[in-house]
Amino acid sequence: GASCGCEVQRGAFSVTAVNPEADALFDLQPQILFPCGVLFFAANRLLSGSTDFTVSLTDVDPEGGGARTSETLTFTIVVLNTNIPPRFSLDFKELVIFEDSVVEFKVASEMTTDSGAGIEADQALSFQVLVGAELFAADGFPTISVDGTLRLKTAQHAFGIAAAIVRLKDNGGTERLGVDIFNLSFPITILSLNDAPTFRITPSLHVSEGGGAHEHSAFATQVETGPANEGGQLLTFVIDR
């Protein structure tokens, strides 16, 4: 059993719970070590509340053998609530989309305010997405609603990989070392798509009959392969008659 390293004597403390709630409130019921008077117990990490105890001390005369019991005293132990972190699951390991995409679909499920303990159901939950803004439109930064639906819009012509952290937060606070957030992470991969080239032409061309071969150097202008990230592509003109 437990020991406090004190001088061994014949005696014992008797600790008795007054309230029946003590059975659930403590994983290890309160005890007092004899003779040094150290109180020890283990509270149930999922429960809070208070309960009263009575305590008396019985000592045995080592010579006469008679037992003597002290008066009974009472004390109260109050177990204060500590916020349990929320939990959720991601429905995938990686999100893969194409550039110039608008996304809206369910990505998170099994949301709970207290890791499934079922004692903090009155708390409110909210999601936050932590990710760099470079690959997303100003009006399309990733968000997740409380039902787990992701919404985002990629920046025009942007592609690459962004490491995203999804944070679920409750409103239970962090007093007494409570925890109110839970994080999971996943990569968002935006694949590139080849954009169409662009150019302008002179809409109407007038030449004289029998004028022979003609060369118009500025007939096609503003010739572009697409956005700047496609500048290395090769272009050819095709004329359909």
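The model is a predicted one, in which local features need pLDDT of at least 70, side-chain atom pairs count only at pLDDT 80 or more, and totals for chains, interfaces and linings use all residues. Residues are numbered from 1 along each chain as its sequence is written, and side-chain values use heavy atoms, with hydrogens and water left out.

Let's start with the whole chain. The C-alpha trace spans about 140 × 35 × 25 Å along its principal axes. The radius of gyration is 37 Å, while a compact globule of 241 residues would have one near 18 Å. That radius is taken over C-alpha atoms, and the globule rule is 2.2 Å times the number of residues to the power 0.38.

How much of the chain is buried? Buried residues make up 28% of the 241, where buried means under 20% relative accessible area, exposed means over 50%, and partly exposed is in between (1.4 Å probe, protein chains only). As for contacts (heavy atoms within 4.5 Å), take those with a separation of 6 or more: 60% of them join residues 24 or more positions apart.

Now for the rings. Phe, Tyr and Trp rings (for Trp, the six-membered one) pair if their centres lie within 6.5 Å; planes under 30 degrees apart count as stacked, over 60 as edge-to-face and the rest as tilted. By this rule there are nine aromatic pairs. One of them is Phe92 with Phe186: their planes sit at 90°, so the pair is edge-to-face, with centres 5.0 Å apart. Phe92 is in the loop between β7 (87-90) and β8 (95-98) and Phe186 is in strand β15 (residues 181-191), so the pair ties together parts 94 residues apart in sequence.

Phe199 and Phe237 are edge-to-face too, with centres 5.2 Å apart and planes at 90°.

| Residue | Relative accessible area | Class |
|---|---|---|
| Phe92 | 18% | buried |
| Phe186 | 4% | buried |
| Phe199 | 40% | partly exposed |
| Phe237 | 52% | exposed |

Finally, Phe26, Phe41, Phe53 and Phe75 form one aromatic cluster.

Note on methods:
Helices (H or I, at least four residues) and strands (E, at least two) are DSSP runs, numbered from the N terminus.
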